[in-house]
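Hi,

Here is the model I promised to pass on. Have a look, and then read on for what turned up in it.

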Amino acid sequence: MVEVKEVHIDCSIEKALDVIGGKWSFLVLRELFGGTKRFGELKKVIPSISPKALTDTLRHLEENDVITRKAFATVPVTVEYSLTEKGKAFNKILKEMKHWGAHWA
């Protein structure tokens with residue numbers, strides 16, 4: 001009997017999707033391309049996202065160095081989110097997705 005070994009080939013598309021995360025990431029990134037935003041501002045412009053989903057999305061993007069989180073010592077604490085260079089590099093891809101969606105969706 002011949003033993004078959006499973007070979008895993010890394011796919012760059014799969015890697016990119018792992019970095020970007022779930023469906024909400026695209027909308028959060030879209031908003032951050034316009035500049036730095038606070039949690040409440042993001043929640044306001046993406047009304048269908050729950051606070052938990054927004055928190056999870058922001059944490060995932062921060063852990064993957066797509067966004068930065070800056071906290072200010074105020075009461076209550078003020079937190080701002082902005083894109084890293086890695087995040088800014090995603091802008092071209094998001095624009096192409098927008099064009100594709102406008103044409104085909």
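Let's start with a helix: why is helix H2 (residues 23-32) largely enclosed by the rest of the structure? Seven of its 10 residues are buried, so the rest of the structure largely encloses H2. Buried here means under 20% relative accessible area, exposed means over 50%, and partly exposed is in between (1.4 Å probe, protein chains only). Helices (H or I, at least four residues) and strands (E, at least two) are DSSP runs, numbered from the N terminus. The buried residues of H2 are Trp24, Ser25, Phe26, Val28, Leu29, Glu31 and Leu32.

A word on provenance before the rest. This is a predicted model, where local features need pLDDT of at least 70 and side-chain atom pairs count only at pLDDT 80 or more, while totals for chains, interfaces and linings use all residues. Residues are numbered from 1 along each chain as its sequence is written, and side-chain values use heavy atoms, with hydrogens and water left out.

Rings of Phe, Tyr and Trp (its six-membered ring) pair if their centres lie within 6.5 Å; planes under 30 degrees apart count as stacked, over 60 as edge-to-face and the rest as tilted. By that rule there is one aromatic pair. The ring centres of phenylalanine 26 and phenylalanine 90 are 5.9 Å apart and the planes sit at 45 degrees, so this pair is tilted. It links distant parts of the chain, with phenylalanine 26 in helix H2 and phenylalanine 90 in the loop between helix H5 (85-88) and helix H6 (91-104), 64 residues apart. Phenylalanine 26 and phenylalanine 90 are both buried.

Now the sheet. Two strands pair if DSSP finds at least two bridges between them. Three strands make an open sheet, ordered S1-S3-S2, with antiparallel pairing. S1 and strand S2 (67-72) are at the edges with a single partner strand each, so one side of each has no neighbour in the sheet. S1 and strand S3 (residues 78-83) pair over two bridges: lysine 37 has tyrosine 81 as its bridge partner in S3, and arginine 38 has glutamate 80. S2 and S3 pair over six bridges, and threonine 68 stands opposite serine 82 in S3. A hairpin of five residues joins S2 to S3.

Lysine 37 is the residue I'd like you to look at. It is located in strand S1 (residues 37-38). A salt bridge is a side-chain nitrogen of Lys or Arg within 4 Å of a carboxyl oxygen of Asp or Glu. The side chain of lysine 37 does have a polar atom 3.3 Å from the backbone oxygen of glutamate 31. Leaving out residues up to four places away in sequence, lysine 37 touches Glu31, Leu32, Leu42, Val79, Glu80 and Tyr81 (contact meaning heavy atoms within 4.5 Å).

On to the salt bridges, of which the structure holds four.

- Glutamate 31 bridges to arginine 30, with the closest N and O atoms 2.8 Å apart. Glutamate 31 is buried at 17% relative accessibility, whereas arginine 30 is partly exposed at 42%.
- Arginine 38 and glutamate 80 meet at 3.9 Å, N to O. This pair links distant parts of the chain, strand S1 and strand S3, 42 residues apart. Arginine 38 is partly exposed with a relative accessible area of 42%, and glutamate 80 is partly exposed with 23%.
- Lysine 52 and aspartate 56 meet at 2.7 Å, N to O. They are four residues apart in helix H4 (residues 51-63), so about one helical turn separates them. Lysine 52 is exposed at 58% relative accessibility, and aspartate 56 is partly exposed at 36%.

Last, a loop residue: glycine 35 is found between H2 and S1. Glycine 35 is partly exposed, at 26% relative accessibility. Its C-alpha atom is 17 Å from that of aspartate 65, 30 residues apart along the chain.

Cheers

Terms used
Polar contact = N/O pair within 3.5 Å; in protein donor to acceptor, adjacent residues only side chain to side chain.
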